[in-house]
Amino acid sequence: QVQLVESGGGLVQAGGSLRLSCVVSGGTFSTYATGWFRQAPGKEREFVATISRSGTRTYYADSVKGRFTISRDNAKTTVSLQMNSLKPEDTAVYYCAASFVGEGTMEVMSAVKVYRVWGQGTQVTVSS
């Protein structure tokens, strides 16, 4: 049974940085693509970033491109999201997710439905 546990959220001022981590247990981590999504109050869950099972392919939402970096360590079964130059509109609950589709196009890997296992979420609040 695959489980994901996020950490690293918190309160930060605009322009600041946070690093989210997600530890994945169960299954074979190196076969999963992993992604980060976020959901703000009253809004649908939206794609943030994803990384292929090999770590060689990454995709980002336009809203975070150039500010956020996703990475993974297959030996430690961990996926991270480094968030720099944070803006108030980045405020949301951030979710880590695992997809049994190991890699694919941006169109495929940015879709919520491709991810079958989700973490409990971690709150990120950016004050202005």
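1. F37, F47, Y95, Y115 and W118 make up one aromatic cluster. The model is predicted, so local features need pLDDT of at least 70 and side-chain atom pairs count only at pLDDT 80 or more, whereas totals for chains, interfaces and linings use all residues. Residues are numbered from 1 along each chain as its sequence is written, and side-chain values use heavy atoms, with hydrogens and water left out.

2. The count of aromatic pairs comes to six, where rings of Phe, Tyr and Trp (its six-membered ring) pair if their centres lie within 6.5 Å, with planes under 30 degrees apart taken as stacked, over 60 as edge-to-face and the rest as tilted. The pair of F37 and F47 is edge-to-face because the ring centres are 5.8 Å apart and the planes stand at 70 degrees. This pair links distant parts of the chain, with F37 in strand β4 (residues 33-39) and F47 in strand β5 (residues 46-51), 10 residues apart; strands (E, at least two residues) and helices (H or I, at least four) are DSSP runs, numbered from the N terminus.

3. F37 also forms an edge-to-face pair with Y115, at 5.0 Å centre to centre and 70 degrees between the planes. Here F37 in strand β4 is joined to Y115 in the loop between α1 (106-109) and β10 (117-118), 78 residues apart.

4. R72 lies over the face of F29, at 4.2 Å from the ring centre.

Methods:
A charge sits over a ring if NZ of Lys or CZ of Arg is within 6 Å of the ring centre and within 35 degrees of the ring normal.
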